[in-house]
Structures are given as C-alpha cells and as structure tokens.
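Dear colleague,

I am passing on the structure below, followed by some notes on what was found in it. Please read them alongside the coordinates.

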Amino acid sequence: MGFRKDFVWGGVTASYQIEGAAYEDGKGLSVWDMFCKEPGRIADGTNGDVACDHYHLYQKDVDIMGEIGYQAYRFSATWPRILPEGTGPVNEKGLDFYDRLVDSLLAADIQPWLTLFHWDYPYALFRRGGWTNPSSPQWFADYAQILAKRLGDRVKRFLTINEPQCFIGIAYDDTVHAPGIHFPIWDTLLMAHHVLLGHGLAVQAIRAAAPDALVGISPTCSAHYPDTETAEDIEAARQAFFDVDKGAPFWSASLWSDPIFKGDYPKKLYELFPEHMPNIGPDDMRIIGQPLDILGQNIYNGKAVRADSKGGYVFVEREKGYPFTAAKWPVTPKALYWGPRFLAEAYQIPIAITENGLSCPDVVSLDGKVHDPIRIDFLHRYLLELRRAAEDGVDLRGYFHWCVTDNFEWAKGFTERFGMVYCDFETQERILKDSAYWYREVIQTNGENL
Ligand code: GCO
C-alpha cells in the first residue's frame with residue numbers, strides 16, 4: 001500500500017542559511033546578521049553574508065533539484081529583504097528575487113512550498129520590541145499579505161512560521177540563537193502569544209490573497225515514542241509527547257499547536273505559570289485557531305518512554321553507545337512513526353514532514369564523489385517508519401529532507417553538513433552526494449524501493 005499516490009517528495013532550506021547577499025539589493029538587516037557580528041556567538045566565527053550564495057546561484061540549485069527529481073521544494077523568504085524596516089516601504093528587488101525563484105521552480109515542475117518566516121527577523125522590528133510589541137502580530141500579517149499577493153498566483157502552499165520552539169525558546173530562553181537575549185517567562189509567554197496571533201492573522205491574509213492555496217505551519221518537537229507497543233507504554237509516550245516541561249516550556253509541541261487546533265493552551269501551561277500567562281483577548285483564540293489545511297511537522301528524534309506505576313511516564317535511558325549523528329543527535333527512527341501518528345490523532349489534520357535529516361562528516365573523496373552511507377542508512381530507517389505510519393492510516397502528504405545543500409547551521413556556523421548536496425563554501429561548487437542518487441530512486445518509486 002505505501003504512501004498515497006499524490007504524496008510529495010522534496011527538500012527544504014531556509015533563507016538565512018543559504019541565500020547570502022546579506023547586504024545587497026536593498027535588503028534590510030536581520031537579527032541573524034547582527035548576532036553573527038558578536039564575537040563568540042557562532043562556533044567557527046562565520047556568518048550568512050555569503051553562505052551558499054543562493055541569491056545568485058538559485059538557478060544552479062533549481063537545476064540540481066530537478067536532477068534529484070524533487071517534486072516540491074520548501075524554502076523561506078527573508079522578511080527584511082522584502083521589508084527592509086520590517087514594515088513600511090517594500091523593497092521591489094527583494095520581491096523580484098522570489099518571483100524569479102518561483103518561476104524557475106515551476107519551469108522545473110517543482111512545487112514551491114513557501115515558509116514566510118524562518119528566523120531572520122527584521123532587526124528594525126527587534127529594536128521596536130520585536131515579538132513583545134503588541135503590533136508584532138500585525139507586522140507579520142502585513143508581511144504575509146505582501147508575499148501572498150505577489151506570489152499567490154503561482155505559490156499554492158504556504159507555511160506561516162518555522163519552529164517557534166527555536167525562534168522564541170532557543171533565542172530568548174536559552175539565548176543560543178539570535179538575538180540571544182534572555183527574557184523572563186512573562187515576556188517569552190507574551191511573545192509566544194503574539195507569534196500565534198501573528199500566525200492566525202497571516203493565515204487570514206493568505207486566504208484573502210490566495211483563496212485556493214494550502215496553508216499550514218511548521219513547528220518542531222521531540223517526538224517521544226513508546227519503549228514497547230503495549231497500550232500502557234503508548235499512552236505514556238503520548239503523554240510525554242504533548243507534555244509541557246517547566247524547564248523548557250517552549251520546546252513543547254502542545255504549547256504551540258493546541259491553541260491552533262484545540263482552541264486553547266494546554267492545561268499544564270496554565271498550571272505551571274498561573275501568574276505569568278499573557279492576557280488573552282476575547283477574540284484571540286478565534287484568530288489563532290484559523291482552520292489550516294496541513295500540519296507541517298519537523299521531526300528529527302525523540303526519547304523512548306515507558307509507563308510508570310502511577311499513570312504517568314518515565315523516559316528510558318538511551319543504551320550505552322547508542323547511535324548518534326555528527327551533530328550528536330540520537331538516531332531514533334521510531335520518532336517518524338509515532339510523531340505523525342500522535343499528531344494526526346490529536347489534531348485531526350493531514351501531516352507533512354517538513355524537515356528530517358542529519359549532519360554527517362561529509363568530505364569529497366579521492367574519487368571526487370561524496371559518499372554518505374550513514375545518511376542513506378538513517379533516511380532508509382526513518383522512511384520505513386514513516387511508510388508504516390502511512391500504512392497504518394496516518395494522512396501523510398509529503399516529506400521534505402533537511403537539507404538540499406550544506407549550509408550555514410546557525411550557531412554551529414559551517415561546522416555541520418546536513419545537505420544531500422555537498423557545498424564547497426570557498427568555490428561554491430556543488431556535488432551531489434550518494435544520498436541524492438539514492439533519494440532520486442525513493443522519489444521515482446514513491447518509497448516502494450525502501
Ligand atoms: C531546525 C531548523 C533548520 C536547522 C536544521 C538542522 O529545525 O532547527 O528549521 O534551520 O538548520 O533543523 O538543525
């Protein structure tokens with residue numbers, strides 16, 4: 001049975017990580033442009049000023065996607081490239097770039113999936129309070145409207161935001177991501193509320209400009225899974241999957257998705273922070289809960305969970321010498337079965353895996369090729385689990401491999417290679433890794449060859 005006939009296979013990138021042209025053609029500053037200037041913030045002291053130079057080499061990259069046989073390509077737009085000050089005057093050269101990119105994708109018969117915001121927040125808006133500012137939801141909606149009006153005749157899949165867990169949690173709680181400033185819980189909860197309001201208003205703006213488009217969101221999560229497939233362990237894993245951890249509340253799946261799909265924050269959040277929750281306006285949950293067509297979930301890994309003796313759950317210690325990636329992330333294929341299953345059961349919406357992949361210590365071998373058997377094995381294991389979820393009835397619509405080309409990996413700089421396509425950052429040469437040829441087979445057979 002396998003994946004549905006119209007299941008889409010593709011790859012994904014993010015603007016700041018690949019585009020470069022950070023100070024070109026009228027683009028405004030983003031918080032990442034500024035964050036990279038602070039000594040010590042980026043592991044190798046680099047930045048996204050040039051990255052993969054995708055702004056100039058996008059046609060080469062689209063040609064490569066065509067060679068791999070991508071049916072779809074998920075990418076993000078750079079908010080300050082469109083609106084240098086975040087609001088106000090539009091930078092036409094910025095819009096022109098995305099026009100060209102979209103036309104190139106369509107000419108290559110590749111479906112564009114546009115993520116409106118993937119972390120490169122306008123620095124001018126950050127200086128006006130960013131997501132703490134009560135105008136921040138409307139700022140985002142206005143930006144969404146501009147993009148949907150300009151591209152909505154050709155772009156028919158929109159994802160509003162990528163991983164608020166990171167651009168709020170890692171940015172303002174852990175401070176490892178831009179702008180890397182710790183805000184107290186009462187401010188970060190307010191920011192989260194404004195992000196969700198901005199998401200809802202953006203959905204309305206997209207619907208108005210592109211009524212026939214599919215609209216979704218792309219959060220991430222730790223996709224916890226049952227240690228055994230007993231009913232007790234499955235329920236315990238479900239509990240863990242949707243729980244809110246007081247120590248890392250923003251990493252939660254439910255904090256972000258319950259308001260969208262269930263009309264309110266998870267009860268646990270109110271219990272944890274009764275005196276710090278934001279004021280929720282009478283219309284807020286209606287705005288946030290705009291109906292969506294798809295939940296784009298980014299899933300990399302999770303933890304095994306067992307039922308405890310009190311109706312709760314415990315995490316199972318990972319075995320000694322457990323497999324991990326070059327980024328030291330655990331390899332847990334079951335996350336790609338249970339994650340989609342738990343999400344579909346909880347939120348009753350079609351699911352796309354809008355990010356999954358791994359970093360490998362990729363090098364160009366003496367034969368001039370890039371052999372990445374570890375990536376092929378990882379993807380094979382994960383995709384077998386995803387196919388099992390599809391066969392068990394989860395309404396799965398697509399899979400996007402993170403990432404197309406090696407790129408700027410945020411605070412890790414260029415020290416991690418997640419791409420299916422090797423990028424020489426000095427020469428900007430691209431080399432398809434072995435996994436790209438393997439993935440081409442997967443796409444051609446719709447996963448039957450797994
Ligand atoms: C994320 C981001 C990507 C990362 C990728 C590897 O999921 O963290 O969406 O931009 O680069 O996941 O960390």
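Arginine 157 stands opposite leucine 214 in strand E5, where strands (E, at least two residues) and helices (H or I, at least four) are DSSP runs numbered from the N terminus. This is a predicted model, in which local features need pLDDT of at least 70 and side-chain atom pairs count only at pLDDT 80 or more, while totals for chains, interfaces and linings use all residues. Residues are numbered from 1 along each chain as its sequence is written, and side-chain values use heavy atoms, with hydrogens and water left out.

E4 and E5 pair in the parallel sense over four bridges, pairing being assigned if DSSP finds at least two bridges between two strands. Strand E3 (residues 111-117) also runs parallel to E4, joined to it by four bridges, and in that pairing threonine 115 has leucine 159 of E4 as its bridge partner. Because five of the six residues of strand E4 (residues 157-162) are buried, this strand is largely enclosed by the rest of the structure; buried means under 20% relative accessible area, exposed over 50%, and partly exposed in between, with a 1.4 Å probe and protein chains only.

Serine 218 belongs to strand E5 (residues 214-218) and is buried, its relative accessible area being 0%. A polar atom of the serine 218 side chain lies 3.4 Å from the backbone oxygen of glycine 296, a polar contact being a pair of N or O atoms within 3.5 Å; within protein, one must be able to donate a hydrogen and the other to accept it, and residues adjacent in sequence count only if both atoms are side-chain atoms. Leaving aside residues up to four places away in sequence, serine 218 touches, among others, Leu159, Asn162 and Glu163, where contact means heavy atoms within 4.5 Å.

Asn162 and Glu163 are also among the residues around the ligand, which include His118, Tyr300 and Trp402, that is, residues with a heavy atom within 4 Å of it. Ligand oxygen atoms are found 2.4 Å from a side-chain N or O atom of glutamate 163, 2.5 Å from one of glutamate 355 and 2.9 Å from one of tryptophan 410. Taken alone the ligand exposes 310 Å², of which the protein buries 95%, by the Shrake-Rupley method with a 1.4 Å probe; for residues, only the protein chains shown count as cover.

Lastly, arginine 387, in helix H15 (residues 373-391), is buried at 16% relative accessible area, and its side chain reaches the backbone oxygen of glycine 447 at 2.9 Å.

Best regards
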